[in-house]
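Subject: Structure handover

Hello,

Here is the structure I promised to pass on. Please open it first, then read my notes below.

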Amino acid sequence: MQRGFTQYQAKYFAHFLTREGFEDGDALTQSLSSARVDLNPHQVDAAMFALRSPLSKGVLLADEVGLGKTIEAALVLSQYWWSRQRNLLLIVPASLRKQWATELMEKFSLPSEILDAKRLKDITASGHPNPIGRAESIVILSYEFAARMASAIRMVPWHLVVFDEAHKLRNVYRAAETSRAAVLRDALAGRHKLLLTATPLQNNLMELFGLISVIDDTYFGSEQAFRAEFGGREEVASQALLARRLEPICKRTLRRQVQKAGLINYTNRLAKTFDFTPARLETDLYDLMSAYLQRSDTIALGQNGRHLVTLMLRKILGSSSFAVAQTLDKMVKRLQGKLIIDDKTLDDIDGFAEEAPTPGLQAPTAPPFKYAKPEEIGLAKTVLNVVLPQISKQVSSIKDLEDPKIVQRIADAAMAAQKAEDGLLSTVTPEQAKAVAAEVCKQFVQRTIAIPMLTITPEQHVSFGFRRFDVDLKSWNYQPLSRELLIQILRTEERSVISGDAGGETPSRLEDYVVAKLIDVPEIDYDAHADILYDLAGQVVAHFRAKHADDEQVRSILQGHARQIAEALVVQMKRHMWREQTNYRVTQVSAFDQLKPQTFDGSGKDAMRDYRSPPERLSDMKRFIFVGFEKSCYSMAKFDSDPERRMAVILEQDASVQLWMKPGPNQFRIYDEDNAPYQPDFVVETATDKLVIETKRASEMANPLVVRKADAAALWCHIANRANGEGVGDKPWSYLLVPETAVLSNATISGLMASHTRSVDADLLARYVLTEAA
């Protein structure tokens, strides 16, 4: 007996077949049928590329701005969702989280959830054991919060991870292990990834290498192999080889390709600037607010999160006077309750953090207290985290913390700060508070190397410039780029090469190619240095004209190599820089700084290791967390090289060493003459001295960058000694630049000081006429 179907059943099964009845080649049918958006062929093609790619670890979609990378990624996410692969993670800039959630729901009916600190606490409080890997919706995280939650993210078997604005990861190949990009790369290693960016290449080819290494760190081999194969080479064969290597993993569509195919007609954009003149009251408010934010004695902003709060307030101030009034009202209420804005308060302001803390194992910054009562422990934390940062600005030396009068001030301030917390004031007597404060101060002095916080500011305008010189061009052999290859790759539908300098208007003067890159350098001011810039650029143009009779060939060289030429010129310009001598005011902001918490990723197999035991392969040094120290301010440490580890062994064995540490990010404020930050390897305190120690390969001791940083550190030690003055009686600072060949098992700190202490550079010191603040 033949069984028939009702009209409703027939329509249902027909719809079912159109969604499910296709081979792998039509895998997007189901997603396309659910999308409520007018799709363009290039978007479908990009989604198919992401789903069909033979590279199983992921792809990079690099369409130009405005071509719909969001739609392409949503198509891929939709396909995963409807195929029941629902562990999906979307990492985007904080400002785009809501936009992504709206697009996914309105156009593709895909549920998503934005997770931030507050939402995560709510979910955890409801009893869910794994709030991130619930597979109930697409998880949307900001880059900052994702880095903070790396340990939790690592535990989820993600089917797909999408990075929007993925160029934020482009420098991962050279970033520190604790950087946001490196943390995310390691936490999501082995997961299928989809990277979205309109600018995969901005400065050099190594950024492209960095992005691809996030997907697959073995795709191009090592950094050295990539540089040898493609870095600095302009041969046609090399460029064509790179284009072919990128085909399976990177897809880029250009606007002109879409327009040529007649798919999208873009409206011409006309830029127009509108001027808005603030009223007098608005100007007064802005000036008063700016003056308040620049004050160093404001307790309302706290210290730990001060720069974040300042950034937040300036953004709100730019919004409206009503918005900033509400924020100031909240700050007043916090002050009335004796609550200072701190990291906990800032937890909910996700997205403003410039550098997110790296999650992992937290290295303790102070020994555990011996108090058993909760109220005593709470008071001890208040002393450590609230009172001491303020007291450090009011004392001349860390030794003042042993003065009974100072201890009493600390105890009184801690009890006042505890008034907002119920139950503490009623159970802690003034005598107990003084005992707690005394114990905390004692442990703090014993386990802290007092690093003074100094500010060095010019007392008048500092003038500088560049002397005229003949450019050393002997080794310059840049060749014209092949115009035919560029046209073929940029205009062919099947493939494209990504160029960092292509496009734009053609300068009338050849020198403009070089000058345009030179004025990007912070030290160079076009108005002040225009004459010398065009003089140098003219020498470069004359050099290439002598080799190439055709100006178009010279133009090709300058257009294709302008950035490298400018970088080489800047190196020579700095050798001919002059500065006017000026007086500098040295101000000691605080006598000591607190130890910054350090975080390490200890998720790898056998990650913990005794510092006396080197790894079997020294190249694996950065993978391990070393423990077992007795004199270190931190119970854990990571080393970049074996000489660093051997130096730690010397420090532990030397009887004269009292304390040592490897400073964390922002722990030590040293800047070289180019204002580049420098973080030394070790800070050491002996019975008689305080030392800043750097270990280097013997072959790098004369490297200009190493020398510049060493000069900056030696100058800092000189200034710190001057700032301490004669009456404080603090230990003098010295800087040691130690070659690895001197880091021997029988070495002593006194011996290293005798051989490798670096004196302050006389020429550098001559630029400073130091005047201590009154």
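Is the crossing of helix 19 and helix 20 left-handed or right-handed? The crossing of these two helices is right-handed. (A crossing is left-handed if the near helix is turned anticlockwise from the far one by less than a right angle, and right-handed if clockwise.)

Some ground rules. This is a predicted model, where local features need pLDDT of at least 70 and side-chain atom pairs count only at pLDDT 80 or more, while totals for chains, interfaces and linings use all residues. Residues are numbered from 1 along each chain as its sequence is written, and side-chain values use heavy atoms, leaving out hydrogens and water. Helices (DSSP runs of H or I, at least four residues) and strands (E, at least two) are numbered from the N terminus.

Helix 19 covers residues 404–417. D403 caps its N-terminal end: a side-chain oxygen sits 2.9 Å from the backbone nitrogen of K405.

Helix 20 spans residues 430–447. It packs on helix 19 at about 115°, with the axes 8 Å apart. (Axes are lines fitted to C-alpha atoms, for helices over the stretch in contact; angles run from 0 to 180 degrees between N-to-C directions.) Contact residues (heavy atoms within 4.5 Å) include V407 and A411 of helix 19, and A433 and C441 of helix 20.

Helix 4 and helix 5

Helix 4 (residues 69–82) and helix 5 (residues 97–108) pack at about 65°, with axes 11 Å apart. This crossing is right-handed. Among the residues in contact are I71 and L75 of helix 4, and W100 and F108 of helix 5.

Two single residues

E207 lies in helix 10 (residues 205–215). E207 counts as buried because its relative accessible area is 2%. Its side chain makes a polar contact of 3.3 Å with that of R170 (N or O atoms within 3.5 Å; within protein, one must be able to donate a hydrogen and the other to accept it, and residues adjacent in sequence count only if both atoms are side-chain atoms).

M608 is in strand 14 (residues 608–610). M608 is partly exposed, at 40% relative accessibility. The C-alpha atoms of M608 and F626 are 5.8 Å apart, although 18 residues separate them along the chain.

Best wishes

Definitions and conventions:
The expected span of a helix is 1.5 Å times one less than its number of residues. Buried means under 20% relative accessible area, exposed over 50%, partly exposed in between (1.4 Å probe, protein chains only).
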